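Please consider the following note alongside the sequence and the model.

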Amino acid sequence: MNGVSTLLIFVGLFLLGGAVSFWKQGMPRGVTTLLGVGAALSLIAGILRLEVWS
């Protein structure tokens, strides 16, 4: 596990938490969707980097 994959996974989880928080607060759907998509892309990139480098 290298630093970049760890960072991507951490950022993805952080953005996912923000998306859930925004959804609970009733923020606009576009903002919540954008955060969710960013979280998903970051998590996928981190997981793929884990599998490539292991």
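**Note on the predicted model**

1. Alanine 39 lies in helix H2; helices (H or I, at least four residues) and strands (E, at least two) are DSSP runs, numbered from the N terminus. With a relative accessible area of 1%, alanine 39 is buried, where buried means under 20% relative accessible area, exposed over 50% and partly exposed in between (1.4 Å probe, protein chains only). Neighbours within four places in sequence aside, alanine 39 is in contact with Gly12, Leu15 and Leu16, contact meaning heavy atoms within 4.5 Å. The C-alpha atoms of alanine 39 and leucine 13 are separated by 6.6 Å, although these residues are 26 residues apart along the chain.

2. On the basis of the work: this is a predicted model, in which local features need pLDDT of at least 70 and side-chain atom pairs count only at pLDDT 80 or more, while totals for chains, interfaces and linings use all residues. Residues are numbered from 1 along each chain as its sequence is written, and side-chain values use heavy atoms, with hydrogens and water left out.

3. On the chain as a whole: the protein chain holds two helices and zero strands. Its C-alpha atoms fill a box of roughly 40 × 15 × 10 Å along the principal axes. Of the 54 residues, 19% count as buried. Among contacts with a separation of 6 or more, 65% come from residues 24 or more positions apart.

4. On helix H1 (residues 3-25): does its length agree with expectation or disagree? The 23 residues of H1 should span 33 Å at 1.5 Å a residue, and the end C-alpha atoms are 33 Å apart, so the two agree; the expected span is 1.5 Å times one less than the number of residues. Within H1, Ser5, Ile9, Gly12 and Ala19 are buried. Just after H1, glycine 26 takes a positive phi of about 80°.

5. On serine 42: this residue belongs to helix H2 (residues 29-53). Serine 42 counts as buried because its relative accessibility is 8%. Its side chain reaches the backbone nitrogen of glycine 12 at 3.3 Å; a polar contact is a pair of N or O atoms within 3.5 Å, and within protein one must be able to donate a hydrogen and the other to accept it, while residues adjacent in sequence count only if both atoms are side-chain atoms. Apart from neighbours within four places in sequence, serine 42 is in contact with Leu8, Val11 and Gly12.

6. On threonine 32: this residue is also placed in helix H2. Is threonine 32 buried or exposed? Threonine 32 is buried, since its relative accessible area is 14%. A polar atom of its side chain lies 3.2 Å from the backbone oxygen of proline 28. Leaving aside neighbours within four places in sequence, threonine 32 is in contact with Ala19, Phe22, Trp23 and Met27. Threonine 6, 26 residues away in sequence, is 24 Å from threonine 32, C-alpha to C-alpha.

7. Phenylalanine 10, in helix H1, counts as exposed at 56% relative accessibility.
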